[in-house]
Amino acid sequence: MNNEFRHHIEEEDLEPEEIQLKKPRRKVREPEGEKAFFKKLFTEGVVTKEAATDMLPFLLFLSVLCMLYIANSHMAVKNIRNIDKLNKEVKELSWEYKSLKADLMFKSKLTEVAKKVDTLGIKELTEPPKKIVINTNEH
């Protein structure tokens, strides 16, 4: 209400010619959206060009840190995959070692050795071995 009253008083003080020249101004519609927000943000002085250029080294530093962080996470994932691959390989080699060891233990039994050597004409002893004694004077 106060604004309306003052508006009427100001119009009365002005001459008739000035009243006709003065037209009410229409508000300019600003386009809605993100572009208008950022344009308004940068043009109205919240972030000036000087402030933006002053912050540029810090922003570059932050971007380098972000790139290093991303590269570090990629290398960590790569290392984890490599560790998993090597663990699988170790497990496979361990099982292969155990199976070969069991096979060797089976083949080195007396009965198995006797079967293999029988084809060469060598036979298993039925008597216990004899001890050979040599005197020092005989030599």
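The protein chain exposes about 15,000 Å², and carbon and sulfur atoms supply 61% of that area. The model is predicted. Buried residues make up 1% of the 139 residues in the protein chain.

**Fold.** The chain holds five helices and zero strands. Along the sequence the pattern reads α-α-α-α-α.

**Helix α4.** This helix covers residues 49–107. Its 59 residues should span 87 Å at 1.5 Å a residue; the end C-alpha atoms are 85 Å apart, which agrees. There is a local bend, however. α4 bends by about 45° at L56, and the proline P57 follows within four residues.

**Annotated segment.** UniProt, in an unreviewed entry, places a "transmembrane region" at residues 55–71. In the model, residues 55–71 are 100% helix and 0% strand.

The two end-to-end distances are set out below.

| Segment | Distance between end C-alpha atoms |
|---|---|
| α4, residues 49–107 | 85 Å |
| Residues 55–71 | 24 Å |

**Rings.** How many aromatic pairs does the structure hold? The count is zero. A ring does take part in another kind of contact: K98 lies over the face of W95, at 5.1 Å from the ring centre. This contact meets the limit for a charge over a ring, because NZ of Lys must be within 6 Å of the ring centre.

Note on methods: Residues numbered from 1 in each chain as written. Predicted model: local features only at pLDDT ≥ 70, side-chain atom pairs only at ≥ 80, totals over all residues. Heavy atoms only, no water. UniProt positions renumbered as here; feature names shortened; annotations may be inferred. Helix = DSSP H or I, 4+ residues; strand = E, 2+ residues; numbered from the N terminus. Expected span 1.5 Å × (residues − 1). Bend = angle between axes of the 7 residues up to and from the residue. Phe/Tyr/Trp six-rings, centres within 6.5 Å; stacked < 30°, edge-to-face > 60°. Lys NZ or Arg CZ within 6 Å of the ring centre and 35° of its normal. Buried < 20%, exposed > 50% of the residue type's maximum accessible area, 1.4 Å probe, protein only. Areas by Shrake-Rupley, 256 points an atom, 1.4 Å probe, with all protein chains shown as cover.
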